[in-house]
Amino acid sequence: MSRNLLITGGAGFIGANFTRYWCEAHPEDRVVVLDALTYAGNLASIHDLVRAGRASFVHGDIRDFAAVRDLLAQRSIDTLVHFAAESHVDRSISGPTVFVSTNVNGTQALLDAARAVWLDGPRPLPHRFHHVSTDEVYGSLTSDEPPFTETSPYEPSSPYAASKAASDHLVRAYARTYGLQVTISNCSNNYGPYQFPEKLIPLCIVNMLLGKPLPIYGRGQNVRDWLYVTDHCRAIERILVGADANTTWNVGGRAECANLDLVRQLCLAMDAAFAADAGLASRFESCPAARGVSCAELIRFVADRPGHDFRYAIDCSLIESRLGVRPGVALAAGLRQTIDWYLRNEAWWRGVIDGSYQALRGPSDPGNHSRGS
């Protein structure tokens with residue numbers, strides 16, 4: 001059965017990867033990307049798909065109810081995959097208003113538009129609204145607590161996490177009150193190609209290449225579970241294809257790692273990349289590895305962030321047992337693949353940071369998450 005998909009935030013990190021994944025796996029489907037192209041949305045991430053006619057792009061804001069309603073109706077959209085969100089925790093601490101506006105009001109506007117088109121006509125239309133959320137809604141774990149499950153209580157710590165928790169509640173409320181057919185996924189920290197260099201992994205990769213400090217909060221002992229973005233895309237595909245409506249799924253990587261250990265792994269992988277390719281030294285002369293020194297010399301500890309959650313961990317046994325989804329990319333392999341992508345796509349990340357390098361100067365939240373644009 002072919003689908004007409006609307007992917008919100010499809011020019012952002014996870015959204016762009018999902019757009020690329022879906023176009024490859026389901027060439028018979030029609031794919032429309034809606035993105036406001038804010039600072040982390042980059043049309044270059046999907047430009048080849050749009051140019052080839054494999055996806056179409058609409059520049060717009062998810063908060064514009066009328067525009068979204070018309071788009072759903074005119075393109076006969078039957079499946080909406082909602083990535084678009086403000087996601088950087090540090091930004092939410094310094095300016096929470098835009099997070100409420102985009103993540104809460106924007107999600108409500110999408111839900112209202114979906115309800116108007118799919119439910120308020122002469123007869124309900126077949127549909128699915130998939131909402132991409134984060135493990136941060138569950139709050140923080142100690143080192144010995146069991147991982148979060150789909151029934152863990154919500155205890156968000158940051159304005160970002162609170163705004164995502166509110167959007168989760170809205171999605172469930174529209175299902176229960178109006179009969180909207182929804183699914184929700186709460187994912188752990190994503191990493192991989194096309195990630196804006198304010199999140200921990202791409203920040204460190206770019207800063208290593210530029211010979212700039214690798215800032216780590218506190219003593220670097222905060223723990224995150226890491227999920228390679230393609231594994232996340234595959235999980236969402238299985239939810240859309242195989243899961244019942246009105247269900248929630250935790251998507252994790254089974255790869256818990258303290259931030260300091262993660263950065264050290266990145267440094268070793270970058271050192272190895274330079275040792276294997278002599279040409280990298282001339283391309284990135286400021287990188288310590290270019291002169292035979294480990295990139296670990298760039299690690300710097302900085303003051304911790306307010307309200308910094310200690311540990312996130314996802315119990316993904318439900319999606320593994322019910323839908324057969326398991327992480328396919330181990331952390332070490334995923335880090336090497338990610339470094340290789342940034343080395344091969346220098347023009348992409350240099351284009352991203354030109355004129356916006358302020359995002360790279362300070363410490364970075366490891367972040368994931370439902371980043372759309």
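Author: Buried means under 20% relative accessible area, exposed over 50%, and partly exposed in between, with a 1.4 Å probe and protein chains only. This is a predicted model, in which local features need pLDDT of at least 70, side-chain atom pairs count only at pLDDT 80 or more, and totals for chains, interfaces and linings use all residues. Residues are numbered from 1 along each chain as its sequence is written, and side-chain values use heavy atoms, with hydrogens and water left out.

Reader: What share of the 373 residues is buried?

Author: Buried residues account for 58% of the 373.

Reader: And how many helices and strands does the chain have?

Author: There are 13 helices and 12 strands, counted as DSSP runs (helices H or I, at least four residues; strands E, at least two) and numbered from the N terminus.

Reader: Turning to His127, where does it lie?

Author: His127 is in the loop between helix H5 (97-118) and strand S5 (128-134).

Reader: Is His127 buried or exposed?

Author: His127 counts as buried, because its relative accessibility is 14%.

Reader: Which backbone atoms does its side chain reach?

Author: The His127 side chain comes to 2.7 Å from the backbone oxygen of Leu125. A polar atom of that side chain also lies 2.9 Å from the backbone nitrogen of Gln181.

Reader: Which residues is His127 in contact with, leaving aside neighbours within four places in sequence?

Author: Contact means heavy atoms within 4.5 Å. On that basis, His127 touches Asp78, Trp118, Leu119, Gly179, Leu180 and Gln181.

Notes. A polar contact is a pair of N or O atoms within 3.5 Å; within protein, one must be able to donate a hydrogen and the other to accept it, and residues adjacent in sequence count only if both atoms are side-chain atoms.
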